[in-house]
Structure formats: C-alpha cells, structure tokens
Amino acid sequence: MIVTLTGANNFALQAALRKRVADFIVAHTDMAVERYDGDEASAGRMRESLASMPFLTERKLVILREPGKQKAFSEHIADIIKEVADTTDVIIVEPKLDKRLGYYKTLKKATDFIEHAELDAQGLARWAADYAKAAGGSLSTADARLLIDRVGVNQQLVQQELDKLLAYDPAVTKKTVELLTDSLPQSTVFELLEAAFGGNSKRALMLYREQRALKVEPQAIIAMLAWQLHILAVIKTATGRADAEIAAQAKLNPYVVRKTQTLARSIPLPRLKQNVQELLDLDRRLKTTALNADEALQLYLLRLAE
C-alpha cells in the first residue's frame with residue numbers, strides 16, 4: 001500500500017502519520033520501519049529502499065518525508081511506484097504540492113492520496129469540543145469559538161491551549177478561557193479596527209494601549225493594521241464572489257474572510273482608500289522624522305473613528 005499525506009493542516013497530517021506508523025509497529029515491530037528525508041537522502045537511496053525486500057520481517061514500512069525535493073525522484077515517480085516491492089508499505093509525506101506538476105497528478109492517481117486541509121473556525125470549534133470531551137472534560141461550542149477568537153485557527157496551538165485549560169479545570173468555561181489565554185495581537189488589531197470604524201474611539205484607544213502594555217511596538221501595530229486594511233480592501237473589491245473563492249485567490253484563510261465580511265460591508269470604498277493612504281503617510285513620517293509614534297498612532301485611530 002502506498003499512501004500520500006499532504007495538506008496545510010500540519011497538526012492533522014502529523015497525527016495521521018503517527019497513527020499509521022504506530023499501527024504498523026504493533027503488527028510488525030519498529031525494526032521494520034525505514035525513514036528517509038528528501039533534504040538528505042538521494043533519489044537513488046530512496047528508490048533502492050522501496051524496491052528491496054524486508055529483512056527478518058514479513059513486511060516493512062518506508063516513510064519518505066518530502067522526497068519530491070530530489071528532482072530525480074519527482075521526475076520518475078511513475079516508474080518508482082511500479083518498482084515498489086509487494087512486501088513494502090509506503091507513506092509519502094508532502095505537505096505542499098504544486099497541483100500543476102506531474103508529480104502531484106501521479107501521486108493523486110496512483111496512491112492512496114489523503115489531503116489534510118485547515119479546518120475553518122466552525123469545524124475547529126467542533127473539534128475542540130470533541131477533544132475536550134474525549135479528554136474527560138467539557139467545552140461548549142460558544143466557549144470553543146471564544147478560544148479560537150483569542151488564539152487563532154492553528155489547530156496545534158488550539159490543542160496546546162486546551163491541554164492547559166483542561167489541566168486547570170476539566171470543565172472549560174468562558175471565565176477560564178479569558179483567565180488563562182492571551183489574545184493574539186492580530187486578533188486584537190482586528191477588534192481595534194472594528195471599534196474605530198464603528199466610531200468607538202474609547203475602545204479603540206483602550207485596545208491600542210493594551211497592545212503597548214504587551215510590549216507590541218508601534219511599527220508592529222502599523223504592520224498589522226496595514227495587513228488588516230489589505231484584507232478589507234480585497235474583500236471590499238471582490239463584490240459578488242463567494243467567500244471560498246476570495247480566500248483561494250487572495251491566499252487568505254476562509255475564516256478570516258468570513259470574519260471580515262461584515263466590517264467590509266460597512267465601510268465605503270473611498271473612505272477605505274483614504275485610510276490606507278493615511279496609514280502609508282504615517283509610516284513614512286515615522287521613518288523619516290522625529291515623530292512621537294504613540295501619539296501619532298492614537299491620532300490616526302481617532303481619525304478612523306470620526
């Protein structure tokens with residue numbers, strides 16, 4: 001059996017890899033497992049391993065991590081697959097594959113091809129609730145969404161934060177989520193923009209000061225503001241397109257697109273253009289003049305809230 005594991009969800013990919021390897025070792029021991037990394041092993045060495053018979057075991061498992069980095073491997077993948085011994089199981093790990101290339105097309109057609117895509121916020125919230133339950137705890141869907149809003153949609157990070165919360169109290173609540181987790185700066189900057197565009201200057205300034213108290217430098221806040229404004233501009237000018245299409249073409253997380261849609265609809269395009277230009281002018285002045293960055297940024301936020 002030849003399996004290809006791919007996709008942007010590294011957490012799910014690695015979990016699938018560990019399970020397959022563990023299941024094989026139970027049946028055939030770890031002496032029957034060979035591992036090769038495309039950064040180090042030559043195409044010839046990997047090809048030889050795939051074609052050779054197992055030693056002292058009925059079957060062997062060969063794990064190839066990004067073998068496509070070896071050009072001689074990717075260019076001859078169809079022939080290599082045909083050479084794999086009947087007594088050999090293969091797991092090819094290729095997190096990033098170019099769908100335009102023959103290497104991708106051959107792997108998808110000739111192997112058991114499993115793609116692990118990133119979960120959207122809704123799917124991740126369901127997973128988090130199930131994970132807490134399996135660990136003997138509890139987590140409501142609403143509190144799972146709160147956790148994701150605070151720490152982001154990286155499944156590995158969500159699991160780490162959940163483990164911490166479950167160790168503190170198996171019954172995870174809004175109170176413990178807010179007590180034991182920190183909001184990502186990027187998420188808070190979105191909230192900051194949301195407050196400013198909504199005319200809530202008091203909250204916008206409070207969020208800005210929170211970021212500064214967390215030692216986030218003004219230039220970093222400007223960079224995050226620029227990124228959020230970029231996302232707003234992309235969504236604002238993509239009228240009539242589905243969220244999934246916008247996310248794919250702009251290389252954005254679908255969750256980010258959905259989260260930003262409401263804010264984008266509330267802002268006239270001319271105003272958004274003006275906001276972008278003013279932030280660019282502010283960034284230029286901070287780099288060329290002796291301007292007080294904190295005062296200038298807070299003034300910019302007040303202008304956004306007008």
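Let's start at helix H7 (residues 141-151), where Asp143, Ala144, Leu146, Leu147, Ile148, Arg150 and Val151 are buried. Buried here means under 20% relative accessible area, with exposed over 50% and partly exposed in between (1.4 Å probe, protein chains only). Helices are DSSP runs of H or I with at least four residues, strands are runs of E with at least two, and both are numbered from the N terminus. Just past H7, glycine 152 has a positive phi of about 100°.

This is a predicted model, so local features need pLDDT of at least 70 and side-chain atom pairs count only at pLDDT 80 or more, while totals for chains, interfaces and linings use all residues. Residues are numbered from 1 along each chain as its sequence is written, and side-chain values use heavy atoms, leaving out hydrogens and water.

## The whole chain

Overall, the protein chain has 16 helices and five strands. Its radius of gyration is 25 Å, well over the 19 Å that the globule rule gives for 306 residues, so the chain is more spread out than a compact globule. That radius is taken over C-alpha atoms, and the rule is 2.2 Å times the number of residues to the power 0.38. The C-alpha trace spans about 75 × 45 × 40 Å along its principal axes.

As for burial, 44% of the 306 residues are buried.

## Two nonpolar cores

A nonpolar core is a set of buried Ala, Val, Leu, Ile, Met, Phe, Trp, Tyr and Cys residues joined through side-chain atoms within 4.5 Å. The largest one has 38 residues, and Phe197, Leu225, Leu229, Leu232 and Tyr300 touch the most other members. Helices that each supply at least two of its residues include H10 (185-197), H11 (201-213) and H16 (293-304). Which helix gives the largest share of this core? That's H12, with nine residues.

Take leucine 229: setting aside residues up to four places away in sequence, it touches Leu193, Phe197, Leu272, Asn275, Val276, Leu279 and Tyr300. Contact means heavy atoms within 4.5 Å. There's also a second, separate core of 21 residues, with Ala125, Ala144, Leu146 and Leu165 among them.

## Threonine 88

Over in strand S4 (residues 88-93) you'll find threonine 88. Is threonine 88 buried or exposed? Threonine 88 counts as buried because its relative accessibility is 1%.
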